[in-house]
Amino acid sequence: MASEKTNPPTYDQVHGPTSSAYPHPEQSNAPASFNIPTQSTTVIVTSPQVGPDPTTMTCPSCRATMVTRLEYETTTKTHICAALLCLFICWPCVCIPYCSTSCRDANHYCPNCGSFIGTYRK
């Protein structure tokens, strides 16, 4: 008894030909992988030009137009100026670099959201 193996009928034989709106992958002219062109956008962020005085600008965080809030910070330069005054027997004037804004860094902040904008160093 020899058994012959027969293949089952194809989809087209049972249901008729496929519609042209949804062709079989073998019948499609489209490539197997779609190469979708992508565009890359480069954003260059530059630090704002801040000075020793409050500056009117747009905040990079909250996008509000505002005048920056300043906070002065003592630095090594402040301590060196005070040490030089003390060294040259001007000890009554030692507090001047700590009170003067010219010997300290000016840190700019947004008054709306409180984000740091930049530092002015003289």
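**View 1. Cys-110 and the cysteines around it.** The sulfur of Cys-110 has its closest cysteine sulfur in Cys-59, 3.7 Å away, which is too far for a bond. A disulfide here would need a pair of cysteine sulfur atoms within 2.5 Å. Search the whole structure and you'll find zero disulfides. As for cover, Cys-110 is buried at 0% relative accessibility, while Cys-62 is partly exposed at 32%. The cut-offs for those words are under 20% relative accessible area for buried, over 50% for exposed and in between for partly exposed, with a 1.4 Å probe and protein chains only.

A word on the model before moving on: this is a predicted one, where local features need pLDDT of at least 70 and side-chain atom pairs count only at pLDDT 80 or more, whereas totals for chains, interfaces and linings use all residues. Residues are numbered from 1 along each chain as its sequence is written, and side-chain values use heavy atoms, leaving out hydrogens and water.

**View 2. The largest nonpolar core.** Six residues make up this core: Val-50, Met-57, Cys-59, Met-66, Cys-110 and Ile-117. To count as a nonpolar core, buried Ala, Val, Leu, Ile, Met, Phe, Trp, Tyr and Cys residues have to be joined through side-chain atoms within 4.5 Å. In soluble globular proteins, nonpolar side chains tend to be buried together. Zoom in on Cys-59 and, setting aside residues up to four places away in sequence, it touches Ala-64, Met-66, Cys-110, Cys-113, Ser-115 and Ile-117. Contact, here and below, means heavy atoms within 4.5 Å.

View 3. Asn-107 sits in strand 4, which spans residues 105-109. Helices (H or I, at least four residues) and strands (E, at least two) are DSSP runs, numbered from the N terminus. Asn-107 is buried, because its relative accessible area is 8%. Its side chain makes polar contacts with the side chains of Glu-73 at 3.1 Å and Thr-119 at 2.9 Å. A polar contact is a pair of N or O atoms within 3.5 Å; within protein, one must be able to donate a hydrogen and the other to accept it, and residues adjacent in sequence count only if both atoms are side-chain atoms. Beyond its neighbours within four places in sequence, Asn-107 has contacts that include Arg-69, Leu-70, Glu-71, Phe-116 and Gly-118.

**View 4. Tyr-109 and Phe-116, ring to ring.** The structure holds one aromatic pair. Tyr-109 and Phe-116 form it edge-to-face, 5.6 Å centre to centre with 65 degrees between the planes. Rings of Phe, Tyr and Trp (its six-membered ring) pair if their centres lie within 6.5 Å, and planes under 30 degrees apart count as stacked, over 60 as edge-to-face and the rest as tilted. Tyr-109 is buried at 19% relative accessible area, but Phe-116 is partly exposed at 47%.

**View 5. Leu-84 in helix 2.** Leu-84 belongs to helix 2, residues 76-87, and is partly exposed at 42% relative accessibility. Leu-84 and Val-94 are ten residues apart in sequence, with their C-alpha atoms 8.6 Å apart in space.

**View 6. Stepping back to the chain.** Three helices and five strands make up the count, running α-β-β-β-α-α-β-β from the N terminus on. Of the 122 residues, 20% are buried.
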